[in-house]
Structure formats: structure tokens, C-alpha cells
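Please keep the sequence and the model in view while reading.

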Amino acid sequence: MRLLNVKATLITTLSAIIMVSSVYADIGLENKVKPLVDIKSVQDSKIKAEPTELPASINNPDHGGGLRDEEITIEMWDAYGDTWNGNVLTLHCDTHDSDSYLTLDGYYDDGIYAAYTFSLHDGSFGVSCDGGSWQSEVSWVITHTSSGQEILSGGAPYSGGAFSIPFSAAENPGCTDPDALNYGYNCAGEEVGIPDGDDGCCEYTTPSNDDCADAEPVTSYPAEITSSSENATVDCPGYLNWNAVWYELALPYDMNVIDIVIQAAGEITNGGIVVMDDCNCDDFIAMTYEFDAAGGNLHLMGAGISGPDNNGTVLFPLFIDPQQGYTVTFNVVEEVWGCTDPNATNYNPDATNDDGSCTYDDCTTAHDLRMFMYDSYGDGWNGNVYTISDLASGEVLYTGTLETGTEGVSNPICLEDGNYNMNHNGGSFPTEVSWELNNNDGSGTVLAGGAPFDEVFVLGESDDVFGCTDPAACNYNPDATMDDGSCAADGDICDCSYDGGGVNGDPITGATTEALDEDWYAFVVDQDYDNLSVSLCGSGFDTKLEVWGGCDDAAYLGYNDDAPCGNFNSQVDLAFITAGTYYAKVYGYGNGFGDYMLTITGWANATGPVLTANGIPGAVALSWEDVPLPDRAIAPGQTTAVYSAPNRAEKNEALDPVPAMINPDFMNNRSTDVTIACDGGSWQSEVSWQIYDPAGNLVAEGGAPFAGDA
């Protein structure tokens, strides 16, 4: 039992490291070594670990004042098995102390599941869960410990949930879903009539092909089947842990190519990507895949699967999360090796696998080109594909990818003089990709870039004027004779920036609405300002920010994706600016998007030094702040002077005459230990200082920061 003291702040952090190996598809991966784990099926089947004890130091067995204690249990899951990636479940006490809360961040013992029990006293409590990435992996449930009844459940982001202690547990709990098989019965199987609360034990009809042994046979191709995986139970516990339905695919050929397309009724977050040779749940046949989470589409492809070695069939466990209706299409064709490049002289349209036999004639066109492809990670282009199209007709002329490795060269690309489009996109890890389209004779590079990429290029001479031909676009070019795909809406590009107003105005609020979305703002800085700060502090997502002095590449001024204000917001600070129009580009880190707040602040440098005089034992210390210089050069003269001498006759002649305000009778008439400190400002690498005694001996020297005795 653990107690939550609402008069104090309690932050509990639990951490662990785990390596998990599995066979699952996940959405939007940005870390290639991230293990793939599904735990939703484990959660649904109530396979749960014992509650983990929190540190004993947070116990508080006596709240006093007649307050009662009541236990709740918080259970947390991560579908990927790598904890919650910065997401935090927060329990607020709204009744007694608005600053009191309990936080759980998912850094629990095994990376997949954890449960904690707390004792709360009477009050009203709010629940939220947010703050990190990979939120589709997060799930949690809060239950009333003594009754076992669910209080709240959800994922991330989550807000607005609330409950009260004491908890009003149902007196007659049972299954409350009329569509369930055991509607009106409790977990013990006892009939309760009309339950006044759900006990979480509703049971439903499982699909007829829920078990591997009952797999639905598929014998002719292509085959399209519409069905549902709702209420499917866990298969291969400890190995797959999938709530799958099963199909048995006939393999009519010695070597088979299997193609499976699953179209779910709604969005999906995870899905099965293997076939199996039997129901023993001890091995599988891996397949490549394509995943469209938002579209609910999973496409699996496997080649070189032997019919005889697999007894003429393979088993496919169809798993999609969440469980729902779907249409699945199965196709099996014979594997045929040959040349699969339509541009080759020996192209075989029946070939399913390229055997490297393609041959090509020399280009007889005006341009003989090759695509040189590179990947910095060394694992190919991860689905990114280049496409060369005729600009006028849109006809795709050449396409290709780097299947694996660090580099590769395309087959001949033969083109005449004309206008073309190069598009490069469609896969993951685009920052690893680079390429060059070069003349085969070594005479130079026609085009180069990375991913994503979408630009027009011209071979030979052209009289066309390229630009946006849509009169409704903000960058419409009435002189353009051919559209180059550059048409944009307001705010989409620098040349079509929103009006950001001037400096020191009200913050600008806006929102990016999808991954890779960006908004541009133009704002005017007049000659009253020497310094500029452009900030996204207060925005609701992990932002990036760029500041430009114009819309050409040479006008780039600065970038930031993590400002001092925290919360992964951004801020760019510029000094010694000149008057003119500036531009701010607002977008998200990775695939992030959401609400933002843009604040533009300016200020002028001091026009003269600020002089400070401080009395010290036997002397006066004078100091002043220099006026900043644009080139950061050292200002002439000293910035600190101390007037002091052992007596009137022996004063430092370099400081003669001593100002009348200093009484020479008190100069240097005692010995005092002093501490020297130099700190507190910026540009510390520029600072140096020395202290000499009246005889000219060096007493101390240093820079900044500095702290010591003298």
C-alpha cells in the first residue's frame, strides 16, 4: 500500500532498460534499433504482473482530521515495450491542494507493464496523460482496488478525467453490454439482473477462425474475404501474443510469391507481418511490408516461399490493432526469375524476381545519364523512390531505389532534350538519402539532392517559362508557360508569408495541422532595434524555428529547436541587426504539429556607458559597462579603475590627481583579506584582468568566471 499525501508534492520516477525481440509492425519509426512489441492483447486477456511496490519513504498512514483512506490501483502498458517515451500520467488533487500531484512516467520495471497501488483520502481528483512522443503506444487504467471496478482508463494525450474519493462502487456489478454473451452476469458467473456498474467481465462470441487449428482455408487466387477480428483471443502466448484470426494458404508451386493486402474499417496502430509453417508457435517466415496507419492498410509481401518444404500450405495469423472489421485479399503466384526492368532489352513481364540478367543498349538519345544513389546508414533507402517524369504529360519515364547498402548506380537513363520532373519521396529515414543524376561520360552533374525532393529540370534548350500557373495561388506567375508544381497557399512558402506585423506587438497564435506542415511569417524591424528575439515559447508541441533575412538561400540567419523556456519550444536570438524585413518559418520537430505562439521582441543597445562607483575599504571602485560593438572588438580603455595609494605622498602617479572625494588619510591604512569574483555576464571568453600593488607587482589575474582569495 502506498499513500498520497495531498499536502506535499510527490514525484515518483521508476526506470529500467530492457531489450525485447519480436515481430511486429509499428507506425512512424524514427529509431531503427527500436524493438517492436505488442502488448494490447496481453492487456485484453488480463495477463498482468503483480503490483510493484513504491519506495517506503512515501508512506503516510495517518491523514488526520477524520479523513479516510481508500485504495486505487494504476496499471500502465506500453505497446512497444520501451516505456512511455516522456509521456506522464498525472493525478491532481483538486480538493485540498491544487499544487499536489502524483506523476507516473512509464519507466517501469519490464518496459511493457506495471501496476501500483495508492491510498487516497477523501477528495476530488483529476487525471491527465501527455508530454511525450509515441503516444499511440500508451494505455492505462485506474481501478478501485477493493471492488475491482474501473474508475478511469485511456491513453495519451488524455485530459479532463476526474473522480472522487470515496468512490461509489456499484452494489450490483456485472456485464452491462446487452450485446455480450453474459449480459446481466458478474465475473463469478452469477446472474445479477440489471447491473448498476460494469465489472469488466463481459464475454463475446469469438470468430470461427480464432484458433490456428481452425484456420479458414484459402485455395484459389486472388481471394477477397470480408470479416472481423473483434473478440479474437490471444494466440501463441509468450511468442506472438496476438489477438489474431487465422487463414491457411495453399501453396500450389514449388516456389511461391505471396501477396496479402489488409484494409481495415478504420485506423490501425499495429499489425501482424509473418506467416507460419505450423501451429507450434516456435518459428515463422518473415515478410516485407508496407504500413499506412491512418488509412488502415497493411500490405505484406513474401517471395521464395517453398511449397513442398511447407507441406503445400502456410498459416497466416491476421492481427490488426485495434480489433475491427476488415477486407483481406490473398494472392499467390509462381516465382519466376528474370529481368524485371521495363527499360532493359530483355525485360520479362512475367518475372517476379530480378536475377541480374538485364541488358541494355547504349543510349541513342541526346542524354545518357546515370543515377548515383547513397545512404548514410548503409541499409538502403527504406522505401524512398526516385521518379523521373515528363513534365508536360506527367508520364513516368524512370523510377528506382537503393534496395540495400551504402551506394549504388542505376541502369542507363536515356532522355532527349526537354522538361522533366524529379520526385524523390515515399519512404522512411529520408535524412539518410542523397543522390546525383550525372552524365555517363563524366562531364558533370545534371541534378543532385536528397529526400524529399520535387523539382523541375531542363535538358538542352527550352523557351518555356516555369512557374505557378494557378491564378488562385499566392505565387501565381502570369508569365509562366509551364507549371513547375510550385503553387502555394498563403503562409506555405517564404514568398507568400503571413503578415507578422512589427516588433514588440501581441503574440501571434496559429497552428500547423499535419506532419511536415510549416507556416511562414514576415515582419518589419526598424532602425530603433539592435537586437531581435523570435520565440515559440508557450507552444503546444515540439517546435522548430528558422529566421531569415530574405527568401533566398543566402538570407538564412539562424535556427533553433530547443529554447531556454523548455517544453521543446524554440527561440532564435540575433544581435546587431539592421532595419528591414525578416521572415520566421514555424514547423515541428520530426512529424510534430499543433498549436503555437510566435512572439517577436526587439530592443536597442545602450547609447553610452553606465558608470558605477562603489566604496571599498580605503578606496572607491569605478566600473562601467561598454557600449556593445557590432564586431565584438575590445573597446579602448579600462572598464574598471580603483583609486588607492599607501599615503598622499606615495600615491599612484598614473592616477594623479586623486579625486577630491577620496580621503587620502584612509588609503591603504590597514590590511584586509579580500575575495575576488568575476562572473555574471555573457561573452566571458573575452574577459581578462590583472591587479598590481603600488610597487608594480602582479597580485592576481584571471578571466571570467573567476572566484578566489587575494
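**The chain as a whole**

The structure is a predicted model, and its protein chain has 1 helix and 55 strands. Of the 710 residues, 41% count as buried, while the accessible surface comes to about 36,200 Å², of which 49% belongs to carbon and sulfur atoms. When contacts between residues at least 6 apart in sequence are considered, 67% of them join residues at least 24 apart.

**Salt bridges**

Side chains of opposite charge can pair when their charged atoms come close.

| Salt bridge | Closest N and O atoms |
|---|---|
| Asp368 and Arg370 | 2.5 Å |
| Lys585 and Glu518 | 3.5 Å |
| Lys585 and Glu546 | 4.0 Å |

Which residues are linked in a network of salt bridges? The network consists of Glu518, Glu546 and Lys585, and Lys585 takes part in a bridge with Glu518 as well as in one with Glu546. The bridge between Lys585 and Glu546, whose closest N and O atoms are 4.0 Å apart, links distant parts of the chain, since Lys585 belongs to strand 47 and Glu546 to strand 44 (residues 543-548), 39 residues apart. Both Lys585 and Glu546 are buried.

For the bridge between Lys585 and Glu518, with its closest N and O atoms 3.5 Å apart, the pair again connects distant parts of the chain, with Lys585 in strand 47 (residues 580-588) and Glu518 in strand 42 (residues 518-525), 67 residues apart. Lys585 has a relative accessible area of 14% and is therefore buried, while Glu518, at 23% relative accessibility, counts as partly exposed.

**A patch of negative charge**

On the surface, Glu416, Asp417, Glu461 and Asp463 gather in a patch of negative charge. One of these residues, Glu461, lies in the loop between strand 37 (453-459) and strand 38 (466-467). Why does Glu461 count as exposed? Its relative accessibility is 77%, and exposed residues are those over 50%.

How values were computed. Residues numbered from 1 in each chain as written. Predicted model: local features only at pLDDT ≥ 70, side-chain atom pairs only at ≥ 80, totals over all residues. Heavy atoms only, no water. Patch = residues over 30% accessible without salt bridge, like charges linked within 9 Å, V, L, I, M, F, W, Y side chains within 5 Å. Areas by Shrake-Rupley, 256 points an atom, 1.4 Å probe, with all protein chains shown as cover. Salt bridge = Lys/Arg side-chain N within 4 Å of Asp/Glu carboxyl O. Lys, Arg positive; Asp, Glu negative; His and termini not counted. Charge placed at Lys NZ, Arg CZ, Asp CG, Glu CD. Helix = DSSP H or I, 4+ residues; strand = E, 2+ residues; numbered from the N terminus. Buried < 20%, exposed > 50% of the residue type's maximum accessible area, 1.4 Å probe, protein only. Contact = heavy atoms within 4.5 Å.
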